[in-house]
Amino acid sequence: MLSGGVDLFLEMLAAERAAAPNTLAAYEADLTSCAESLARGGQTLQTATTEGLQNWMAALVGSGQARRTVARRLSCIRQFYLFLLREGMRADNPAAHLDSPKPRTPLPRFLSESEVLALLNACAEPAGASLAKKRRGILAKAALELLYASGLRISELLALPRKAIAGDQRMIMVRGKGGRERLVPLSGSAREAAQALLEVDAHLESPFLFPGRDPAKPMTRQAFDRILHTVAIRAEIDPARLSPHVLRHSFATHLLAHGADLRALQMLLGHADIATTQIYTHVQTERLQKAVQAHHPLAADSAHTK
């Protein structure tokens with residue numbers, strides 16, 4: 001049974017904050033959950049310690065509750081103890097130093113290597129296609145090659161000047177976030193695809209490698225997305241799984257899978273902080289797990305006994 005302090009708290013929420021009945025019911029359920037956890041350690045809501053509240057939160061996380069749910073419940077408890085402190089029902093606030101559970105950082109979505117190859121192959125237009133369609137296929141191939149081979153952001157790709165691909169370039173200068181410049185390598189196939197686009201667009205007076213309808217301006221993100229959507233369907237890849245950033249993630253993931261150094265990857269991606277790049281180490285973790293399963297003697301014995 002909950003204490004009178006809870007009743008007063010809920011009355012305050014209803015009177016001063018006009019809390020809806022569903023909100024009051026949710027708060028009462030949160031306080032009940034906390035009280036039940038505290039009771040197992042010989043505490044009550046009125047006598048709770050910070051450690052007792054931490055144990056309750058750990059139990060919530062351990063039970064598989066979503067972190068947002070845990071954070072919402074913690075918000076209720078914080079408000080409750082602030083109320084008790086303000087009303088003189090407690091001399092301290094045991095919830096003052098409780099930390100909200102950090103949200104999980106979603107792992108980057110990426111394509112398999114075979115899917116990337118399927119995308120590149122799907123760029124080609126049939127022999128009888130019009131010149132406009134053939135150009136679109138050449139443009140798509142150049143864009144996908146550059147995105148995947150160099151890990152460019154879409155904004156960096158569309159801002160590339162024609163002169164960046166002039167001659168027999170092995171590296172291209174890219175201006176990234178915050179105006180930071182970096183050199184990224186240009187693969188042979190990406191260079192050939194870009195040169196093919198330059199030849200098709202030789203008649204255009206545009207400073208951009210990927211010109212828009214107005215050659216004085218670069219192609220828009222929306223126009224590129226339409227091209228990407230068409231290529232995805234041809235490659236039998238769900239367009240919802242594909243975006244320029246997915247190709248950037250694929251570039252990083254595949255490089256790490258083939259043994260690239262994390263610091264080198266940071267430079268290639270243009271990340272100011274290596275902590276941003278470390279999200280891709282999930283690939284290395286998976287490789288290590290597979291290596292242990294494949295080569296560790298105890299793992300092998302376990303597999304044979306199943």
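**Cores, domains, cavities and loops**

Modeller: This is a predicted model. Its largest nonpolar core has 43 residues, of which L119, L146, L157, L209 and F210 touch the most other members. Two or more residues of this core come from each of helix 5 (113-121), helix 6 (131-150), helix 7 (154-158), strand 1 (171-175), helix 8 (188-200), helix 9 (221-234) and helix 10 (244-257).

Colleague: Which helix gives the most to this core?

Modeller: Several elements give two or more residues to the core, helix 8 and helix 10 among them. The most, 7 residues, come from helix 6.

Colleague: Which residues does F210 touch, not counting those up to four places away in sequence?

Modeller: F210 is one of the core residues that touch the most other members. With residues up to four places away in sequence set aside, its contacts are L139, A142, A143, L146, L157, L158, L197, P218 and M219.

Colleague: How many Å apart are the C-alpha centres of domain 1 and domain 2?

Modeller: The domain assignment of the protein chain places domain 1 at 4-87 and domain 2 at 113-302. Between the C-alpha centres of domain 1 and domain 2 the distance is 49 Å.

Colleague: Which helix gives the most to the lining of the largest cavity?

Modeller: The structure holds 1 cavity of 30 Å³ or more, and the space in the largest cavity is about 50 Å³. Its lining consists of C123, E125, R136, G137, A140, I227, T230, V231 and R234. Two or more of these residues come from helix 6 and from helix 9. The most, 4 residues, come from helix 9.

Colleague: Which residues that line the largest pocket are the closest to its centre?

Modeller: The volume of the largest pocket is about 410 Å³. At least two residues of its lining are supplied by each of helix 6 and helix 9. Of the 16 lining residues, the closest to the centre are R135, R213, M219, A223 and I227.

Colleague: Is T47 buried, exposed or partly exposed?

Modeller: T47 belongs to the loop between helix 2 (21-39) and helix 3 (50-62). Its side chain reaches the backbone nitrogen of T44 at 2.9 Å. Because the relative accessible area of T47 is 48%, and exposed requires over 50% while buried requires under 20%, T47 is partly exposed.

Colleague: How many Å apart in space are T47 and P94, C-alpha to C-alpha?

Modeller: In sequence, T47 and P94 are 47 residues apart. In space, C-alpha to C-alpha, their separation is 9.2 Å.

Colleague: What is phi of A18?

Modeller: A18 sits in the loop between helix 1 (4-16) and helix 2, and it counts as exposed at 62% relative accessibility. Its phi is positive although the residue is not glycine, with a value near 55°.

Colleague: What is phi of E236?

Modeller: E236 occupies the loop between helix 9 and helix 10, and it counts as exposed at 76% relative accessibility. Its phi is also positive in a residue other than glycine, near 60°.

How values were computed: Residues numbered from 1 in each chain as written. Predicted model: local features only at pLDDT ≥ 70, side-chain atom pairs only at ≥ 80, totals over all residues. Heavy atoms only, no water. Core = buried A, V, L, I, M, F, W, Y, C linked by side-chain atoms within 4.5 Å. Buried < 20%, exposed > 50% of the residue type's maximum accessible area, 1.4 Å probe, protein only. Contact = heavy atoms within 4.5 Å. Domains from an automatic or database assignment. Polar contact = N/O pair within 3.5 Å; in protein donor to acceptor, adjacent residues only side chain to side chain. 1 Å grid on protein atoms, 1.4 Å probe; cavity = no way out; pocket = protein on both sides within 12 Å on 5 of 7 lines; lining within 4 Å. Points joined across faces, edges and corners; volume = space filled by probe spheres on them.
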